[in-house]
Each structure stands twice: as structure tokens, then as C-alpha cells.
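Please read the following note beside the sequence and the model.

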Amino acid sequence: PELREVSITVTEARTTPDLRHVTVYVMPLGGEGRDAIVAALNREAPMLRGEVTRAVGLRYAPQLKFEADPSFDASDRITQLL
């Protein structure tokens with residue numbers, strides 16, 4: 001339910017060389033409720049794992065880990081400094 005009305009931007013996905021683990025960096029539109037949305041995505045990771053595996057046709061289903069993208073905070077800090 002927390003993800004129904006939320007627009008989420010996936011900024012980057014980093015995979016391990018064996019494609020078994022993927023760290024997905026996300027940011028909700030406007031940055032509001034970032035921690036709650038990341039927690040909800042991590043709770044839904046097993047379902048999303050199956051969807052990704054079917055859509056991409058991978059041999060192994062990668063473990064998905066969602067994290068808030070820190071680049072937005074760094075960009076804001078640089079803007080404030082300037």
C-alpha cells in the first residue's frame with residue numbers, strides 16, 4: 001500500500017560480477033518519505049526479484065537490495081555551499 005501512489009526514480013543499479021546481487025538506488029519524487037519507501041521496497045524485494053527474473057530471462061534470480069540514492073543529498077550540499 002505504501003508504494004501505490006508514489007512515483008519512484010531508479011537512478012542506478014549496481015550488480016556483482018556474477019549477477020547474483022543487485023543494489024538498486026532509488027529516490028521518490030520530491031524526496032518525501034524516502035526511508036519508508038526504501039523499507040517498503042526491501043519488504044517487496046522477493047516479489048520484485050521474481051518479476052525481474054521473468055522479464056529479463058536470467059538463469060539465476062538476483063537478490064535485490066534497495067537503498068536511497070545519496071547523490072541527491074550531495075548535490076543539495078554542493079548547491080548550498082555555492
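1. Helices and strands are named here from DSSP runs, counted from the N terminus: a helix is a run of H or I of at least four residues, and a strand is a run of E of at least two.

2. The structure is a predicted model, in which local features need pLDDT of at least 70 and side-chain atom pairs count only at pLDDT 80 or more, while totals for chains, interfaces and linings use all residues. Residues are numbered from 1 along each chain as its sequence is written, and side-chain values use heavy atoms, with hydrogens and water left out.

3. Helix α2 covers residues 45-56, which makes 12 residues. From its first C-alpha to its last it reaches 16 Å, close to the expected 16 Å; the expected span is 1.5 Å times one less than the number of residues. Just after α2, Gly-57 adopts a positive phi of about 75°.

4. How many salt bridges does the model contain? A salt bridge is counted when a side-chain nitrogen of Lys or Arg lies within 4 Å of a carboxyl oxygen of Asp or Glu. The count by this rule is 3. Side chains of opposite charge can pair when their charged atoms come close.

5. For accessibility, buried means under 20% relative accessible area, exposed over 50%, and partly exposed in between (1.4 Å probe, protein chains only). Glu-51 is partly exposed at 41%, whereas Arg-54, at 60%, is exposed.

6. Arg-14 and Glu-12 form another salt bridge, their closest N and O atoms being 2.8 Å apart. Arg-14 is partly exposed at 47% relative accessibility, and Glu-12 is partly exposed at 33%.

7. Lys-65 and Glu-67 also meet through their side chains in a salt bridge, at 3.0 Å from N to O. Lys-65 has 45% relative accessibility and counts as partly exposed; Glu-67, at 25%, is partly exposed as well.

8. Which residues form a nonpolar patch on the surface? They are Leu-19, Val-52, Val-56 and Leu-58, with about 300 Å² of accessible area together. Patches are made of residues with over 30% relative accessible area and no salt bridge; like charges are joined within 9 Å, and nonpolar side chains (Val, Leu, Ile, Met, Phe, Trp, Tyr) within 5 Å. Accessible areas come from the Shrake-Rupley method with a 1.4 Å probe, and for residues only the protein chains shown count as cover. Leu-58 is partly exposed, at 30% relative accessibility.
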